[in-house]
Amino acid sequence: MEDKKDCPNKRSSMVWSKDKDLILLKEVAALGVLTHKQRSRERGLGWQSVADNVSTLGQAVTLRGVRERYSLAAKKYRAQMAKEERATGEGGEEMTEYEKLMEELINIEDETDRQMETECAARSQRIENEREQALEMRERAMERLGETKKRVGMTSESGPPQRRRRSGDMMEWLQQRVELEKEERELKQAEKREHVEMQMNQHLELLQVMQQSQQQFSMQMKLSEQHLQQQLQMQQQQQQQHQQEFGFLQQQMLALMQQQQQQTQMLANMLKK
């Protein structure tokens, strides 16, 4: 996040330092932000809570600001640790509080990402298995249909028993076909539900970002109004102070003029005598 100077009509953005970075890491660890999946609603709410808590330091910071600040710090720390391990072959000196927190958060984030990858792989494998099962059932149904047709051709000149057998085979094939189509529909519906759920999550995330932007704008307007009110109050106080000083000076001038008049009158009286 870029550092900006304070302006009368704008909110001052966060000027990061080592102490504030440490506070950021403590908030992320305390709220368990990285234990939730990436791009999930829970992680987004966690980042927003971190931003709100860090903003109490006196300078406003957004959800995106704290998230990008942590990502940058984690990236630098990973690069630093890799460089030290290549240079020394081991961890190095005793770790500071900041380094301990950063390493713990990185481990949590990596573990969450591994779990997410495992779940995605398992879901993909399950969908692939269901597709393979559906194809296998379709092939079996087609093979049975071919065998049924073959038997019907071989026994077409027989009597009623053969026709009853043909009807039974056709019913069995129809039942299998109905079951196969049902499974295919369920598979498509599951894929459709997953797609709809993904779109809804993206939509909710977009709404959340819009709400956060609106809240940030409202807060900015409120702070601007407060700043203007403070300036007006200061100006009014300065005007009152100037008026009081001017009144005091006027009183002193009047007193001095009265004193001079008295002295002049006294001299005139003395001369008359």
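**Reading the helices of a predicted model**

Tutor: Arginine 64 lies in helix H3 (residues 63-88), where a helix is a DSSP run of H or I with at least four residues, numbered from the N terminus. This is a predicted model, in which local features need pLDDT of at least 70 and side-chain atom pairs count only at pLDDT 80 or more, while totals for chains, interfaces and linings use all residues. Residues are numbered from 1 along each chain as its sequence is written, and side-chain values use heavy atoms, with hydrogens and water left out.

Student: Why does arginine 64 count as exposed?

Tutor: Exposed means over 50% relative accessible area, buried under 20% and partly exposed in between, with a 1.4 Å probe and protein chains only. Arginine 64 has 55% relative accessibility, and therefore counts as exposed.

Student: Which residues of H1 are buried?

Tutor: They are Lys20, Asp21, Leu22, Leu24, Leu25 and Val28.

Student: What makes H1 oblique to H2?

Tutor: The axes of H1 and helix H2 (residues 41-55) come within 10 Å and cross at roughly 140 degrees. That angle makes H1 oblique to H2, because angles under 35 degrees count as roughly parallel, over 145 as roughly antiparallel, 65 to 115 as roughly perpendicular and the rest as oblique. Axes here are lines fitted to C-alpha atoms, for helices over the stretch in contact, with angles from 0 to 180 degrees between N-to-C directions.

Student: Which residues in H1 meet H2?

Tutor: Leu24, Glu27, Val28 and Leu31 in H1 meet residues in H2, including Trp47 and Val50, where contact means heavy atoms within 4.5 Å.

Conventions: Helix = DSSP H or I, 4+ residues; strand = E, 2+ residues; numbered from the N terminus.
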